[in-house]
Amino acid sequence: MQNKFETLYDFIDRAVKSRKYPENTGMALKTALKLFEAELNDDERNSIEKVENNIDQIYQSVFSKNKNFSAGSLATYKSRLVKVIGDYKKYGV
């Protein structure tokens, strides 16, 4: 089973196609993935579980490098990432 971070993009595409997520929700979720993906190390890119385990440290890194975002919007992006991982573990695997 492939459990790489990029698998989440495919999961969102499939969820939009099967109408589990509306189109705009899918786009918002992908935006959150892209924001966090920029801060992942190789281990995290290769393991959704590692992302989940390190979410707070990854969030701190995203937070410190994205001063143009408000704390509230970054928290929203983090919650979207957590939602996608949860949905993927529940339905996508």
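How are H2 and H6 oriented to each other, roughly parallel or roughly perpendicular? This is a predicted model, in which local features need pLDDT of at least 70, side-chain atom pairs count only at pLDDT 80 or more, and totals for chains, interfaces and linings use all residues. Residues are numbered from 1 along each chain as its sequence is written, and side-chain values use heavy atoms, without hydrogens and water.

Start with the two helices (DSSP runs of H or I, at least four residues, numbered from the N terminus). Helix H2 spans residues 23-37 and helix H6 residues 71-92. Their axes come within 9 Å and cross at roughly 105°. Axes are lines fitted to C-alpha atoms over the stretch in contact, and angles run from 0 to 180 degrees between N-to-C directions. H2 and H6 are therefore roughly perpendicular (65 to 115 degrees). On H2, the contact (heavy atoms within 4.5 Å) includes Ala32, Leu33 and Phe36. On H6, Leu81 is one of the residues that take part.

Now follow Leu81. Beyond its neighbours within four places in sequence, Leu81 is in contact with Phe5, Ala32, Leu33, Phe36, Val51 and Ile55.

Next, move to Glu39, in the loop between H2 and helix H3 (42-45). Is Glu39 buried or exposed? Its relative accessibility is 18%, so Glu39 counts as buried (under 20% relative accessible area, with a 1.4 Å probe and protein chains only). Ser61 lies 22 residues away in sequence, yet the C-alpha atoms of Glu39 and Ser61 are 6.6 Å apart. Their side chains are joined by a polar contact of 2.8 Å (a pair of N or O atoms within 3.5 Å, where one must be able to donate a hydrogen and the other to accept it).

Methods
Parallel < 35°, antiparallel > 145°, perpendicular 65-115°, else oblique. Buried < 20%, exposed > 50% of the residue type's maximum accessible area, 1.4 Å probe, protein only.
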